[in-house]
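Have a look at the structure first, then read on.

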Amino acid sequence: MSEKYVLITDESTGKDLRLPVVEGTEGEPTLAIKALPSTLGYFTYDPGFSATAACTSRLTFIDGGKGILRYRGYPIEQLAGQSSFLEVAYLLLNGELPSEEEFSGFSEQITHHTMVHEQLNHFIAGFHYDAHPMAMMAGVVGSLAAFYHDRMDMENPEHRMLAAQRMIAKMPTIAAACYRHHMGRPTAYPRNSLGFCGRFLDMMFSVPAEKYEVSPLAARVIDLLFILHADHEQNASTSTVRLVGSTGANPYACVAAGISALWGPAHGGANEAVLDMLSEIGDISNVPAYIKRAKDKSDPFRLMGFGHRVYKNYDPRATIIRKACYDVLDEMGVDDPMMDLAMELERIALEDDYFIEKKLYPNVDFYSGIIYRALGIPVSMFTVMFAIARTVGWVAQWLEQSKEPTRIGRPRQVYSGPTARDYVPMEKRS
Ligand code: CMC
């Protein structure tokens, strides 16, 4: 903690309090407000936690004004251009980039845990064929706790790391199994001779009757998207994982809670919502009408894939994905009218005063769906793709939290209900 303080005065009582300033290695200074209730008798009110830091973390740094994102200090542009998803996973989990030997040990460990207990496939088979894959994912990942709970010693760092690696390894297997159940295809087991993303594509699309060749382009692009989605500091799903984790709950249950939080259209569900929105807009000629709707306060419609709580500048992930989007469509020879529509929407929105004043820029989800679509990933699986990647961030944040003395997360409220009143027996109620 620094030696800086901020003095606050309660004008009604004249009482003062010096609040210590907490400074990280980068980013805005924050006020440690713990003494506020006991000294001045106030709690703080911050719905949506826009002004509240809930933890310290060494994983990911965002400067929303400058459009900067770094994992463990490394700029996202460098990781996207030179690293791989598994290497990024190692970095987020362990804090440093791996040596060759460390990386090969880590890759082996992840590959070794790709299979799921056969009973889990029976569990998946119990879902109705048209269940949303995110609903299945939340249920199935939560159920992993039932397979490993008794043998897991939460105090043992090796057990915690094993749980983290198991989740990273099994997530693509579960995701593909959910998709295959929906499609009525037989279970595909992981082919461990393939890389992380190639194996996932194989489990998604291979059929027993025909030979399936993984497209190197598709595997490469998915790897890139997974790097971009791997972590994003204390977003809603990560905060959910940490909140559930603060109770000492089983890590699989924590990640299942994170998956549920991610599903919402304001968060990871936006990539699916973007495609739904583009389909609804349908034609470039309809774009101005939808921009008008997005600006109309009496209309709940929002431009999906636009805006961000932290970025008040172009989302650096969106810049990378936008370029990848062009490259992929070009390399695959795909002429997707959705891309033209998206470009027109982006162009008009970026010139519009409403979006300029509110600093609403395209976010990561604006383009990811268009790439996934070109690669043949069905729309209902878009948020699942996000979940596979973000599992790395969730478990890395959970590992970080588990190493430190953690108090249970327990926000306060401003009560606005009735004040004390007496119970009235039913026959006397008017
Ligand atoms: N379209 C139209 N207006 C918007 C939009 C939008 N997409 N986003 C924000 N606004 C307006 C909002 O109405 C508000 O206006 P006013 O100040 O007049 O009331 C102002 O901009 C600030 O918005 P907010 O809702 O207070 O901002 P927030 O930080 O609470 O919400 C957000 C951030 C991402 C939930 C929101 O921008 C949004 O709903 N965007 C669309 C959904 C989306 O793309 N989500 C993916 C986020 S990136 C992936 C991830 O990391 O999860």
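Let's start with an open sheet of three antiparallel strands, ordered β4-β5-β6. Its edges are β4 (60-63) and β6 (74-75), each of which pairs on one side only. A quick word on terms: strands are DSSP runs of E with at least two residues, helices are runs of H or I with at least four, and both are numbered from the N terminus. Two strands count as paired if DSSP finds at least two bridges between them. β5 (residues 68-71) and β6 are antiparallel and share two bridges, with Arg 70 opposite Pro 75 in β6.

Before going further, note that this is a predicted model, where local features need pLDDT of at least 70 and side-chain atom pairs count only at pLDDT 80 or more, while totals for chains, interfaces and linings use all residues. Residues are numbered from 1 along each chain as its sequence is written, and side-chain values use heavy atoms, with hydrogens and water left out.

There's another open sheet of three strands, β1-β2-β3 in order, and its pairing is antiparallel too. β1 (5-9) and β3 (30-31) stand at the edges with a single partner strand each, so one side of each has no neighbour in the sheet. β1 and β2 are joined by five bridges, and Leu 7 has Arg 18 of β2 as its bridge partner. The hairpin these two strands make has six residues between them, and Gly 14 there takes a positive phi near 80°. On to the other pairing: β2 (residues 16-22) is linked to β3 by two bridges, and Val 21 sits opposite Leu 31 in β3.

Now for the ligand. It has 22 residues around it, and the nearest are His 267, Leu 303, Gly 305, Arg 309 and Lys 358; "around" here takes a heavy atom within 4 Å. By class, that shell holds 10 nonpolar, six polar and six charged residues. Nonpolar means Ala, Val, Leu, Ile, Met, Phe, Trp, Tyr, Cys and Pro, charged means Asp, Glu, Lys and Arg, and the others, Gly among them, are polar.

| Protein atom | Ligand atom | Distance |
|---|---|---|
| Ala 266, backbone N or O | nitrogen | 3.0 Å |
| Phe 306, polar backbone atom | nitrogen | 2.9 Å |
| Arg 309, polar side-chain atom | oxygen | 2.7 Å |

The protein covers 76% of the 930 Å² of accessible area that the ligand has on its own (Shrake-Rupley, 1.4 Å probe).

Among the residues lining the largest cavity are Met 115, Asn 121, Thr 173, Tyr 189 and Met 203. Helix α7 (residues 157-183) gives the most to that lining, with three residues. The lining of the largest cavity has eight nonpolar, three polar and no charged residues.

The second largest pocket has a volume of about 270 Å³. Of its 17 lining residues, Ala 80, Arg 220, Val 221, Leu 224 and Ala 324 lie nearest its centre. α2 (76-82), α9 (216-229) and α14 (316-332) are the elements that give two or more residues to this lining. By class, the second largest pocket is lined by eight nonpolar, three polar and six charged residues.

Key: A polar contact is a pair of N or O atoms within 3.5 Å; within protein, one must be able to donate a hydrogen and the other to accept it, and residues adjacent in sequence count only if both atoms are side-chain atoms. On a 1 Å grid over the protein atoms alone, a cavity is a set of points where a 1.4 Å probe fits but cannot get out, and a pocket is an open set with protein on both sides within 12 Å along at least five of seven lines; lining residues have an atom within 4 Å of a point. Grid points are joined across faces, edges and corners, and a volume is the space filled by probe spheres set on the points.
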